[in-house]
Amino acid sequence: MDAVRRYFRSPAAVAGLVLLIIVIGMAVSAGWLYPRDPLALAGRPLIWPFSNPRFLLGTDNSGRDIAAQIFYGARISLLIGGVATVIAILIGVLVGAFSGYYGGWVDTVLMRITEAFQTLPNFVLLLVLVAVFGSTLTTVTIAVGVVSWPAPARLTRAEFMSLRNREFVQAGRTLGMKDIQLMLGEILPNALPPVIVYASVVMAVAILLESALAFLRLSDPNVASWGNLIGLGRDVLRVQWYVSAIPGIAILVTVLAVSLVGQGLNDALNPRLKGR
Amino acid sequence: MRILGLAGRRLAASIPTLILILIGMFLLLQFAPGDTVDAMMAQMGGGDAATAKDLRKFYGLDVSIPAQLGNYLWRLVRLDLGFSSIYGKPVASVIIERLPPTILLMTASLSFAFFFGLLFGVIAARGVNRWPDTLISTLGLVFYATPSFWFGLMAIVVFSVYLQWLPPGGFEDIGTVQTGIWRVLGIASHLVLPTLTLGLIFLAIYLRIMRASMLEVLNLDYVRTARAKGLDETRVVTRHVLRNALLPMVTLIGLQAGTMLGGSVVVESVFSLPGLGRLAYESVVQRDLNTLLGIVFVSALLVITVNFVVDLIYARLDPRITAGG
């Protein structure tokens, strides 16, 4: 409860939470506010924002409602960001746990693989994965998760290494608990909090990665995503710059919200490190 | 000498990593729908099965996958990256043509991000929790959350379309032939917006790290000693704190080298710079897998090189590394 009170004492953390709730609210209410397909033709193309009450944020090059695409885009960004983060954390915790718990050659092999992933620019790897497996919503989400696991793996490894010989683990070992029981039941709950906090960084980066991919028209073209809309607006950038500007602000706000909440959680859970 | 030996050992340790990457990528690309020959046939507008077979034999695609992998690695040892069917010349020469803009862009962005990150980080740490710190930290958070390609587009709208100060894209003016200093200035003016765009997110990261590391070092005993012997604050910071506070920043350059290379894919596409990143994008779109594999190899080499240089700088900044090693 202390942590909750500390969290709400920080104005930045509260602002982040409010922004995040707004974005989640947009994602939830999209179907209810805009029951029609957001990618369907809605009106004349390239209506400026605030000039027509039917299209509050205007329409894009092909006459689709920008506001509807922003609301549905919140779904896609949160979905891809969330699921990719879960994938990255799962792989990262698995690799980090084995590496940190067993050490020795297991550690050497797993860390070599982690290093290989870190040496390769993650966006280049993402391009290769999309080139090979195609760009549907599922493959893009998995690909973003697959390029994001090395950092959580290193974090988990460090936690496991510092925890594996503590008294409570040794006590469990003398009680005859199996390795897997020790790892899951004893070490993992203690190692997890910093990893969970780090998940906010992974999610922020995942949202940015997907939007960059969509901007390059290498993500799923059949969903209303913010990156797709920015890429589309590029064709009319010289005059109707708002088509690209509006979804960019949506991405900025979402990533900012996720980072602020992550930082707030970090400060609330580790009060001694505040301000770092 | 000792520094070189130490960094050299780190360099040698990265060779297995490089081989692992190459094998992994090679196997991954086996899953790709269609091979080089399919792409070539599509370019030629189709052809009969006999031609395809001949071509496969010519490019060594008719043997088993392990044999192909062996051939591939053996060719890499001789620095032969294969042939790009799309560009009609060896992959190595395609990549070398595209390398200068990317290296220029990365160096410029890194210098920009490092210098201003350092400056703002120091200013923020000096006025911790007062308004300069709040302003700089907030800006840092916003920059960190800004998608680089979007910032680039908006910069084009403001500086190229409305103010018409800077060119919206390209590497140099093709219309006029320029030589000497004018050519350099022309290229520089084309690189201003891409540099800012790519550097922004790293500026945010560097200033945050610099602020944190300054705050940490400012609390150490030796800084108190320096103050106690009557040095003014500027000298304490420049002579005593900065060198130690720089260490995490230097580490970060090595860690971020790959991210920066990835970021240049997007930035080069926004500003249509003919660099390595744009080549990576084009080869994905055109399914030029040989070139893609070559780019992966070269970018891994670049990242390893940057890390080698970082090791050298690090050892120079922190003599303990060589003394203890």
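1. A:Val132 lies in helix α5 of chain A, where helices (H or I, at least four residues) and strands (E, at least two) are DSSP runs numbered from the N terminus. This is a predicted model, in which local features need pLDDT of at least 70 and side-chain atom pairs count only at pLDDT 80 or more, while totals for chains, interfaces and linings use all residues. Residues are numbered from 1 along each chain as its sequence is written, and chains are lettered from A and ligands numbered from 1 in the order in which they are written.

2. Is A:Val132 buried or exposed? A:Val132 counts as buried because 20 other C-beta atoms lie within 10 Å; the cut-offs are 20 or more for buried, 12 or fewer for exposed, and partly exposed in between, with C-beta atoms placed from the backbone.

3. Leaving aside residues up to four places away in sequence, A:Val132 touches B:Leu28, B:Leu29, B:Phe31 and B:Ala32, a contact being two residues whose C-beta atoms, placed from the backbone, lie within 7 Å.

4. The contact between the chains draws 37 residues from chain A and 44 residues from chain B. On the side of chain A that touches chain B, the elements giving two or more residues are α4 (104-119), α5 (122-133), α9 (179-215) and α11 (242-269).

5. Chain A as a whole has 11 helices and zero strands, and its C-alpha trace spans about 75 × 45 × 30 Å along its principal axes. Of its 276 residues, 52% count as buried, and among contacts in chain A between residues at least 6 apart in sequence, 68% join residues at least 24 apart.
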